[in-house]
Amino acid sequence: MNGEFQDHQIRDIIKINYRYSMGGQSKFFIELMKNKRLLGTKCTKCGKTWMPPRINCSDCYEPADWVELKQTGTIEVSTIVWYTTSAFIKAIPYGVGYIKLDGAETALLQGIFSENLVPSKLKKGKKVKAVFNKERAGKMTDFFFVPIDEYERWITKPEFEGGV
Ligand SMILES: [Zn+2]
């Protein structure tokens, strides 16, 4: 028997219950969950409208007020996802992109789903509209975007619904 170190390992699972705060952005998540409203913020000084919302304007550092935005927008840039985490594996392939909601000056990174996912559906400049999960938890995954010509079909699916 030699004195070489042998590491003995046992596979196990650690479960951790925890909670985290959305802080100043909480209103966005509460309105999303309870009322299917998409809130951005508008700077009180320069007037820039932020989505995702900024509590203070990232350009001039002044406070921003909450404003409701339309649920339609335009794809700024996108890609199709083939490799993902366990949370989204059943959805692949799906799109993600930066969406500029109508009325906002910045873009939101969000999922884009399509019944016929081909690159031309996700091209820059394509119009999309938000679809909401019927069961919402106040998370970014409570909603996603679809090409605007597919919207009526998506909101008739049993697990989804349209916004306000
Ligand atoms: Zn500003």
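**Figure 1. Tetrahedral site of the zinc ion.** The four donor atoms around the zinc ion make angles of 94 to 127 degrees with one another, and the site is tetrahedral. The model shown here and in the views that follow is predicted. The protein donors are the SG atoms of C43, C46, C57 and C60, lying 2.3 Å from the zinc ion. Along the sequence, these donor residues follow the spacing C-x2-C-x10-C-x2-C. One of the donors, C57, has a relative accessible area of 1% and is therefore buried, since buried denotes a value under 20%.

Figure 2. K36 is located in the loop that runs between α1 (26-35) and β1 (39-43). Although K36 is not a glycine, its phi is positive, at about 55 degrees. The relative accessible area of K36 is 15%, so this residue counts as buried. From this position, the side chain of K36 reaches the backbone oxygen of G162 at 2.8 Å.

**Figure 3. The loop between β2 and β3.** Two residues of this loop are shown, P52 and Y61. P52 is found between β2 (49-50) and β3 (64-68), and the peptide bond that leads from M51 to P52 is cis, with omega near 5 degrees. Y61 lies in the loop between β2 and β3 as well. Y61 is not a glycine, yet its phi is positive, at about 65 degrees. Y61 counts as exposed because its relative accessibility is 65%, and exposed requires a value over 50%.

Figure 4. P93 is situated in the loop between β4 (72-81) and β5. The peptide bond from I92 to P93 is cis, and its omega is near -5 degrees.

**Figure 5. The largest pocket and its lining.** The volume of the largest pocket is about 440 Å³. Its lining comprises 17 residues, of which F88, Y94, Q110, F113 and T141 are the closest to the centre of the pocket. Three elements, β5 (94-101), β6 (108-112) and β8 (143-147), each give two or more residues to this lining. The largest share, three residues, is supplied by β6. Sorted by class, the lining of the largest pocket contains twelve nonpolar, four polar and one charged residues.

Methods:
Residues numbered from 1 in each chain as written. Predicted model: local features only at pLDDT ≥ 70, side-chain atom pairs only at ≥ 80, totals over all residues. Heavy atoms only, no water. 1 Å grid on protein atoms, 1.4 Å probe; cavity = no way out; pocket = protein on both sides within 12 Å on 5 of 7 lines; lining within 4 Å. Points joined across faces, edges and corners; volume = space filled by probe spheres on them. Helix = DSSP H or I, 4+ residues; strand = E, 2+ residues; numbered from the N terminus. Nonpolar A, V, L, I, M, F, W, Y, C, P; charged D, E, K, R; others polar. Donors = N, O, S within 2.8 Å, 3.2 Å for Na, K, Ca; no water. Tetrahedral: all angles 85-135°; square planar, octahedral: opposite > 155°, others 65-115°. Buried < 20%, exposed > 50% of the residue type's maximum accessible area, 1.4 Å probe, protein only. Polar contact = N/O pair within 3.5 Å; in protein donor to acceptor, adjacent residues only side chain to side chain.
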